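Let's take a friendly walk through a protein model, one part at a time. Please keep the sequence and the 3D view open while you read.

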Protein chains: 2
Amino acid sequence: MNKHTQTLQQAFNEAPYPVGGHGKRNAGVLLEAFRNVAAETDSDTYGSGAIIEQFQAEMADFLGKPSAVFFPSGTMAQQIALRIWSDRSGKTKVAYHPLCHMEIHEQNGLRELHRLEPVLLADMTSLIALADVQGLPDDVACLLLELPQREIGGQLPAFEELEAIAAHCRGRGIKLHLDGARLFEVLAYYGRSAAEICALFDSVYVSFYKGIGGIAGAILAGDADFAAESKVWKRRHGGDLISLYPYIIPARHYFKERLPKMEQYYRDAVELAAFYNGCGGAVSTRPAVPVSNMFHVHLQAPKETAERAMIRIAEQTGVGLAHHVNAVSDDACYYEVSLGDRYPGVPKKKLEEAFRLLEQLLNKQA
Amino acid sequence: MNKHTQTLQQAFNEAPYPVGGHGKRNAGVLLEAFRNVAAETDSDTYGSGAIIEQFQAEMADFLGKPSAVFFPSGTMAQQIALRIWSDRSGKTKVAYHPLCHMEIHEQNGLRELHRLEPVLLADMTSLIALADVQGLPDDVACLLLELPQREIGGQLPAFEELEAIAAHCRGRGIKLHLDGARLFEVLAYYGRSAAEICALFDSVYVSFYKGIGGIAGAILAGDADFAAESKVWKRRHGGDLISLYPYIIPARHYFKERLPKMEQYYRDAVELAAFYNGCGGAVSTRPAVPVSNMFHVHLQAPKETAERAMIRIAEQTGVGLAHHVNAVSDDACYYEVSLGDRYPGVPKKKLEEAFRLLEQLLNKQA
């Protein structure tokens, strides 16, 4: 095979030192999680049984909420949370960021299935601020905040701003929902427990296949009657499967394994972002100093130039910096970096070599 | 433990010769299906990748449809099928049996999520007949037929009646959807291929955890644009999981293993029903002669009497005839029997003993 005709994805897959993630998404993820599971372990059955009930209780406890319900996906869990708050208030508007998962990744499910009308707060590049929330009309049932805000590089408001937003919502009877797809990843930065953060919210969603690295699945947590209502909607959505244990067992396994490593992933992201920001003008990260295990790398170069640079770096140094680059304009692009178990395996010498090359390749271009 | 205070479920679980099913629903079902799966096998990713695409292609081929889409559940797949036919026709009514899964097991998802209005055909004890369909109003988008009709014991219309219903629907522009949750189980009775039966329908759903005995999951099949549209709705429902392989690999494994056994399960059900019907007046099966691996046992006795009889039979003969009994009235009850891998392991002598005892216990009562 001619190395020079390979795609970025191929080059990344073949690179001995991929920088992001925990490892390949393959059947090994399942086999590892089931290694010590006895064949006699009973399945859960339509939301009942020890496997699902114990994990739900553990997660309710961790999140500091009375009740938690396991869902096959966050898409399902979050639409349902917003629907419940809408039904209870009799209001059909819900507020969130223009780059909210519901707005850009769910084929308009919130409108098509639930007839809810989003009110978009803040612009495409900034976080939702207290002033945005203060400007909300009165007919809004619920505000969704995503911590960290993934599509802008994983940014976070100051905790004091969060508290002020929560107090404002409480005062106006607007329910506050947490999109915590990457909540575990920001606990170290906030220096607070999940329960302390979740106490500001009426309902909370967390995911098990981002930083946790499970197979799929989500938890939706809140009061007991909120949880009970969410189970009715789970059945309606077709998510109340006879057996969810193929996701629950890995979720629990990798939660125990990786929750203690989240702070390290975050420290690693801060270190790696400094490498990028040391390259000079054509390269920068967003945020400049990460607050979680993730950030975005912005390059002042056409997407194709960036891809060629990444392929060259992978071939020459063995370091896989990115597997996919997104165009922003004709001469700007970005990619996402999420650190996990792989980063400590990248030799520092190789990493320095990769960044010297990146600087050369991008400056030659600029 | 005092044997005489145990519940029917406990007695059934402890019985050495359970009559129905393939085996316990436990982690062994997953471990067995993954025994020969290499750790390096790539996950599917949001509906793409070899694992999901190959299985979908195989099932499309088997069902004789251009396209097939894997779903986490039949609840999701069928609501979506009916929504698509409704959207295309601009009509919001859909017709089905009063004991359709959508009507009794889905918390009204079809109405609450999709605003579709069911028209109920036939009564609680009979199949939908051509005359019922001929009486449908013109504003019906789709008719759903369940083959076999599970909640009335797994009954089937004659194939000629099916053909007549299909022709009538085609003539009137009413789409015909197959709830084939147990389609594989009736191929032997009809003496036709799945493709021959599915040819009468515009869309088809089949399940992988009934007779097939997988973990969960469903296939929805139809034309290419129907399938493409169903994927958009799958995303909206929150069913387009990043990884569905934990269900797909077992579905494929057990499909290959058990499809060839379906005819035997059916023959076994005919044999077992004859045992029941030989007990005399207080005991009968519905249908009298099964057409699939399933039937219902009706007892002219209070539910509690029936439960005590089942517990006694399990304790005395080791044969587990039922694990759950449903009351019909104060002095009538029924339970469902679905045969699978376990039945051939029940010694005929023990079975005869069990039925002699059932006859005694029920006649004493009557």
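## Before we start

Two strands pair if DSSP finds at least two bridges between them. Helices (H or I, at least four residues) and strands (E, at least two) are DSSP runs, numbered from the N terminus.

This is a predicted model, in which local features need pLDDT of at least 70 and side-chain atom pairs count only at pLDDT 80 or more, while totals for chains, interfaces and linings use all residues. Residues are numbered from 1 along each chain as its sequence is written, chains are lettered from A and ligands numbered from 1 in the order in which they are written, and side-chain values use heavy atoms, with hydrogens and water left out.

## The sheet of chain A

Chain A has an open sheet of seven strands with mixed pairing, in the order 2-8-7-6-5-3-4. Strand 2 (67–71) and strand 4 of chain A are the edge strands, and each pairs on one side only. Ignoring direction, neighbouring strands of this sheet are turned by 20 degrees against each other on average. Angles here run from 0 to 180 degrees between N-to-C directions, with axes as lines fitted to C-alpha atoms, for helices over the stretch in contact.

Inside the sheet, strand 3 (residues 93–96) and strand 5 (residues 140–146) of chain A pair in the parallel sense over three bridges. Look there for Val94(A), whose bridge partner in strand 5 of chain A is Cys142(A). Helix 3 (residues 50–63) of chain A lies across strand 2, strand 7 (203–207) and strand 8 (218–222), at about 125 degrees to strand 2 of chain A. Helix 11 (residues 224–237) of chain A also lies across strands 2, 7 and 8 of chain A, running at about 20 degrees to strand 2 of chain A.

## The sheet of chain B

In chain B, seven strands form an open sheet in the order 2-8-7-6-5-3-4, again with mixed pairing. Strand 2 (67–71) and strand 4 (117–120) of chain B stand at the edges with a single partner strand each, so one side of each has no neighbour in the sheet. From one strand to the next, the twist averages 20 degrees.

Strand 2 and strand 8 (residues 218–222) of chain B are antiparallel and share five bridges; Ala68(B) has Ala221(B) as its bridge partner in strand 8 of chain B. Strand 5 and strand 6 of chain B, by contrast, pair in the parallel sense over five bridges, and Glu146(B) has Asp179(B) as its bridge partner in strand 6 of chain B. Five of the six residues of strand 6 of chain B are buried (under 20% relative accessible area; exposed is over 50% and partly exposed in between, with a 1.4 Å probe and protein chains only), so this strand is largely enclosed by the rest of the structure. Helix 8 (residues 159–172) of chain B lies across strand 5 and strand 6 of chain B, running at about 170 degrees to strand 5 of chain B.

## The nonpolar cores

A nonpolar core is a set of buried Ala, Val, Leu, Ile, Met, Phe, Trp, Tyr and Cys residues joined through side-chain atoms within 4.5 Å. Which residues have the most contacts inside the largest nonpolar core? They are Leu143(A), Phe208(A), Leu143(B) and Phe208(B), in a core of 130 residues. A second, separate core of 52 residues includes Ala181(A), Met76(B), Tyr96(B) and Leu113(B).

## Where the chains meet

Contact means heavy atoms within 4.5 Å. By this rule, 47 residues of chain B are in contact with 47 residues of chain A. The area buried between the chains (accessible area, 1.4 Å probe, lost on being put together and summed over both) is about 3900 Å², and carbon and sulfur atoms give 59% of this. Arg25(B), Leu113(B) and Arg236(B) supply 16% of the area that chain B buries against chain A, more than any other three residues.

## Details in the loops

Most residues other than glycine have a negative phi, and most peptide bonds are trans. Gln107(B) has a positive phi of about 50 degrees although it is not a glycine, and its place is in the loop between helix 5 (101–104) and helix 6 (109–114) of chain B. Gln107(B) counts as partly exposed, at 42% relative accessibility.

The peptide bond from Arg286(A) to Pro287(A) is cis, with omega near -5 degrees. Pro287(A) lies in the loop between strand 9 (283–286) and strand 10 (294–299) of chain A. In chain B, the peptide bond from Arg286(B) to Pro287(B) is cis, with omega near -5 degrees.

Technical notes
Buried area is the accessible area (1.4 Å probe) that two parts lose on being put together, summed over both.
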